[in-house]
Amino acid sequence: MELWYTENHTDEVKFSIKVEEHLYSNQSKFQKIDVFKSNEFGTFFTLDGLMMVTEKDEFIYHDMIVHTALATNPNIKKVLVIGAGDGGTIRELTRYKTIEKIDLVEIDEEVVTVCQKFLPQTSEKLEDERVSMYFEDGLKFVRMTEKKYDLIIVDSTDPFGPGEGLFTAEFYGNCYKALSGEGILINQHESPYYDEFANNMKRAHKRIKEIFPICSVYQAHIPTYPSGHWLFGFASKKHDPIKDLKKEEWNKLGLKTKYYNTDLHVGCFALPNYVKEMLNNV
């Protein structure tokens, strides 16, 4: 008998992966956590039945959520990461020797524990000495912080359940206050393709645009995410992601990446017309 993982992208669209083994399943205090093994995508884990990370394509997401900001401002010293319990974002951040402190705020400690057991590929740097982990609500954590971080990365789930508060105007306003004068905010920005995701994207963009003087959106192709077309938000008090790109400085670091490069950095901000229209009309 064949076992398939199937995710509903809409009421009329489903995405399936053939599963070799169901490695783990448990209902934590916050959400349903499952880990599967497949031939095509390797080990992957889901939250409440929705795809979070696969071994095969995680590098795309984690490259794009980290390196775009660091190539714009290579002088980032203190970073706050909200969500990201799988550790992939932390792994990429720890490659920068210039970063002095990384605070990880993950509401569900079991996500970290499970990923450390089943996904060492992403979680291998969670024990880095510069990383401090806080298992609490990111919305409450950032509310108590002011002008502390050079970069905030919101590596959240979709805007429901534990991730719902991370898409509110209050949260983005608190992120603004928590950032230094040169601060950058990066967030996963949903997909523009299916209506429900597009509505979430437009709502998030509207709220961020009302708060930050510099607000842009960029894109990547992530095969296991709904439609494969995924967006990220770039917002800053000072730095423009194109005008302030430190191309030569970043390339001198010699970081070997599988997806990101500084040519792609410029190109990923060139959006299709239908996406530009959505963003302009919010």
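In this predicted model, the second largest pocket is lined by His205, Lys209, Cys215, Ser216, Val217, Phe269, Leu271, Lys276, Leu279 and Asn280. Its volume comes out at about 190 Å³. Sorted by class, that lining has five nonpolar, three polar and two charged residues. Helix H7 (195-209), strand S12 (214-221) and helix H10 (273-280) are the elements that each give two or more residues to it.

Phe269 also turns up elsewhere: together with Tyr61, Phe197, Tyr218, Tyr225, Trp230, Phe232 and Phe234, Phe269 forms one aromatic cluster. The count of aromatic pairs comes to 16. One of them is Phe36 with Phe44, a stacked pair at 5.2 Å centre to centre and 25° between the planes. Phe36 counts as buried at 9% relative accessibility, and Phe44 is buried too, with a relative accessible area of 0%. Tyr193 and Tyr194 have ring centres 5.2 Å apart, but their planes stand at 75°, so this pair is edge-to-face.

As for the strands, an open sheet of four runs in the order S3-S4-S5-S6, with antiparallel pairing. Strand S3 (21-27) and strand S6 (50-54) sit at the edges with a single partner strand each, so one side of each has no neighbour in the sheet. On average, neighbouring strands of this sheet are turned by 20° against each other, direction ignored. Inside the sheet, S4 (residues 32-38) and S5 (residues 42-47) pair in the antiparallel sense over six bridges, and Val35 has Phe45 in S5 as its bridge partner.

Note on methods: Residues numbered from 1 in each chain as written. Predicted model: local features only at pLDDT ≥ 70, side-chain atom pairs only at ≥ 80, totals over all residues. Heavy atoms only, no water. Pairing = 2+ DSSP bridges. Axes fitted to C-alpha atoms, helices over the stretch in contact; angles between N-to-C directions. 1 Å grid on protein atoms, 1.4 Å probe; cavity = no way out; pocket = protein on both sides within 12 Å on 5 of 7 lines; lining within 4 Å. Points joined across faces, edges and corners; volume = space filled by probe spheres on them. Nonpolar A, V, L, I, M, F, W, Y, C, P; charged D, E, K, R; others polar. Phe/Tyr/Trp six-rings, centres within 6.5 Å; stacked < 30°, edge-to-face > 60°. Buried < 20%, exposed > 50% of the residue type's maximum accessible area, 1.4 Å probe, protein only.
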